[in-house]
Every structure is written in structure tokens, then in C-alpha cells.
Amino acid sequence: MTQVYTGQSSHNVKNKLNYISMVQANELRVGNLLIEENTNSINTVFEIKKNSTRCSYIRIDNGENHISIIQNEYLKPIKLTEEILLNCGASELVKLNDGYLRLNLDGIQLSISPERNFFIEYVHQIPIMYVHVLQNFYFATKQKELEINL
């Protein structure tokens, strides 16, 4: 069964995870957000290597920032949700009768249908299923980082 972090709550990440295959190093940029499988923590990428990634995260036990090197096989993507998009500043454009929803994020239009579990960038029809993919697409098109509050 394939499951990923849905972004529904930034407080209790545990129990909101199910795992998919690891994120490949060539999919990442510095600043991408990912989940570390063993600690269920949200990590920010600092350095990318072929088999490992240096990340920072907030420790649950003491609330302090921590940096560690994590093997790429333990890094998992965060599933993109409407809630995450709205927290990034997206606005709802259209909610059609057939269930389609279209959102605008700084000029980027994203659509989702009820039967799909991922967003489609409206102009180029690019599927965007995970937060790090949205971060990369946003940077490529806007030449600035996307501010994300999980």
C-alpha cells in the first residue's frame, strides 16, 4: 500500500505517513521539504549527495534545530494537498460542479479532479504530486523560493 504524509497537521506527523519509494537525489534542490522515515520529521534539504542528503529539522523532544546526514532511501516526499497550497498563498479560482478544483499560486494555475490524487499544472499539464516537485517547479518558473508553512 502506498501512502505519504498528507500535510494535514504540522504537529502530529506520526501516523500520517505511509511510505513510497525514496526520493532520487536528482529530484532535489537545496531548500526542498521531505519527511525522514525513521523520525517522521519534516526536513529541509541543505546539501545533496548521490546516496545521502544533509538536512535540518526541529527535534520533537527539545524543539531545537538539528542537522544530520540522512541516507536518501529514508527520505520520503510530502504529498501536496489543497491545504498546503492554501497555506502557501494559493487562492481558489473555480470549483466546478463536476468536482474539479482550480487554484492560483502566484500566477501558476493548478487543477485537481476528484478521482485524481495529484494536481496538474494547467498550462503545461505537468503532474505535481509532492511538495518538493511544486517547490522545484515554482523556482523554475518564478526564479524565487516558494514560502511553505507546514
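The protein averages a pLDDT of 81, and 86% of the residues score at least 70. Among the elements, helix H2 has the highest mean pLDDT, at 95, while strand S6 (residues 91-95) has the lowest, at 81. Over residues 1-19 pLDDT stays under 50, although the model has 43 contacts beyond four places in sequence for this stretch. Where pLDDT is low, predicted coordinates should not be read in detail.

We can turn next to the sheets. Strands of a sheet pair through backbone hydrogen bonds, in either a parallel or an antiparallel way.

Cys55 belongs to strand S3 (residues 52-58), and it is the bridge partner of Val45. Is Cys55 buried or exposed? Its relative accessible area is 0%; since buried means under 20%, Cys55 counts as buried. Leaving aside residues up to four places away in sequence, Cys55 touches several others, among them Asn43, Phe46, His66, Ile70 and Leu75. Asn43 is twelve residues from Cys55 in sequence, yet their C-alpha atoms are 5.7 Å apart in space.

A further open sheet also has five strands, here in the order S6-S7-S8-S9-S10, and its pairing is antiparallel. S6 and S10 are the edge strands, each pairing on one side only. From one strand to the next, the twist averages 30°. S8 and S9 pair over two bridges in the antiparallel sense, and Leu110 stands opposite Glu121 in S9.

Finally, helix H2 covers residues 131-142. Its twelve residues should span 16 Å at 1.5 Å a residue, and this agrees with its end C-alpha atoms, which are 16 Å apart. The buried residues of H2 are Val131, His132, Leu134, Gln135, Asn136, Phe137 and Tyr138. What covers these buried residues includes strand S1 (33-36) and helix H1 (82-87), along with strands S7 (101-105), S8 (108-112), S9 (119-121) and S10 (126-128). After H2 comes Gln143, whose phi is positive, near 60°.

Key
Residues numbered from 1 in each chain as written. Predicted model: local features only at pLDDT ≥ 70, side-chain atom pairs only at ≥ 80, totals over all residues. Heavy atoms only, no water. Helix = DSSP H or I, 4+ residues; strand = E, 2+ residues; numbered from the N terminus. Expected span 1.5 Å × (residues − 1). Buried < 20%, exposed > 50% of the residue type's maximum accessible area, 1.4 Å probe, protein only. Contact = heavy atoms within 4.5 Å. pLDDT = per-residue confidence, 0-100. Pairing = 2+ DSSP bridges. Axes fitted to C-alpha atoms, helices over the stretch in contact; angles between N-to-C directions.
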